[in-house]
Amino acid sequence: MDYFEIIRIILLVIIMSAAVMDDCRRYRISNRIIICGFTAASAVILSEQIMKGGAMQYVTACIAGLGVMSAIYMVKGAGAGDIKLAAVCGMLLGIKGVLIMIISSLICAAVVGTAGIVIGRCSVVWIGNMKMHRIHYSIYMAAGCVIAVLTNIYIGG
């Protein structure tokens with residue numbers, strides 16, 4: 001693990017912590033958090049590109065995070081802040097990491113959300129004529145980030 005990976009993990013922890021706290025308070029993720037994340041991740045990518053090259057995969061991962069989460073957003077499975085947060089995570093995790101993060105966060109949200117519906121602990125919101133259960137998806141994205149980082153450390157990226 002080189003120092004750029006350590007810097008990316010530290011930034012990921014800071015950004016995800018701020019996003020989860022904001023999401024739990026307001027059911028929204030502030031654009032200020034996203035802008036700070038993009039700025040910090042861009043600085044790391046630019047520094048890595050200048051010093052050793054090969055950091056363009058993180059820009060591709062940003063686009064992949066945007067694309068996959070946009071599809072989930074289209075079916076009302078995530079909010080706009082979650083899309084932007086996935087893009088920031090892509091810039092910090094790389095292509096494999098962001099895909100692992102998205103898949104594992106979907107699985108975590110499905111399991112916990114289903115349990116919440118069965119127990120009756122999820123709040124209900126009407127969107128148009130559809131009944132939706134409201135969750136803090138950033139929590140599951142943070143869990144997905146942990147899974148992606150641990151997968152990279154223990155299995156290899």
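A search of the whole structure finds four salt bridges (a side-chain nitrogen of Lys or Arg within 4 Å of a carboxyl oxygen of Asp or Glu). This is a predicted model: local features need pLDDT of at least 70, side-chain atom pairs count only at pLDDT 80 or more, and totals for chains, interfaces and linings use all residues. Residues are numbered from 1 along each chain as its sequence is written, and side-chain values use heavy atoms, leaving out hydrogens and water.

Colleague: Is Lys52 buried, partly exposed or exposed?

Modeller: Buried means under 20% relative accessible area, exposed over 50%, partly exposed in between (1.4 Å probe, protein chains only). Asp2, at 23%, counts as partly exposed. Lys52 has 45% relative accessibility. That makes Lys52 partly exposed.

Colleague: Arg8 and Glu48 also meet in a salt bridge; what is its N to O distance?

Modeller: Arg8 is buried at 4% relative accessibility, and Glu48 is buried at 5%. The side chains of Arg8 and Glu48 meet in a salt bridge. The pair links distant parts of the chain, 40 residues apart: Arg8 in helix H1 and Glu48 in helix H2. The N to O distance is 2.6 Å.

Colleague: Which residues are linked in a network of salt bridges?

Modeller: Lys52 pairs with Asp2. Arg8 pairs with Glu48. The linked residues are Asp2, Arg8, Glu48 and Lys52.

Colleague: How far apart are the closest N and O atoms of Asp22 and Arg26?

Modeller: Asp22 and Arg26 are four residues apart in helix H1, so about one helical turn separates them. Asp22 is buried at 10% relative accessibility, while Arg26 is partly exposed at 44%. Their closest N and O atoms in the salt bridge are separated by 2.8 Å.

Colleague: Within what arc do the buried residues of H3 fall?

Modeller: In H3, Tyr58, Ala61, Cys62, Ala64, Gly65, Met69 and Ile72 are buried. They line one face of the helix, because down its axis they fall within a limited arc (taken from the directions from the helix axis to the C-beta atoms). That arc is 165 degrees.

Colleague: Which exposed residues does the other face of H3 carry?

Modeller: The buried residues of H3 have cover that includes H1, helix H2 (31-51), H4 and H5, in contact (heavy atoms within 4.5 Å). The face turned away from that buried side carries exposed residues. They are Ile63 and Met74.

Colleague: Which helix gives the most residues to the nonpolar surface patch?

Modeller: The patch holds Met1, Ile6, Ile10, Ile14, Val146, Leu150, Ile153, Tyr154 and Ile155, about 970 Å² of accessible area together. Helix H1 (3-26) and helix H5 (137-154) each give two or more residues. (Patch residues have over 30% relative accessible area and no salt bridge; nonpolar side chains are joined within 5 Å, like charges within 9 Å; areas are Shrake-Rupley with a 1.4 Å probe.) The top giver, with four residues, is H5.
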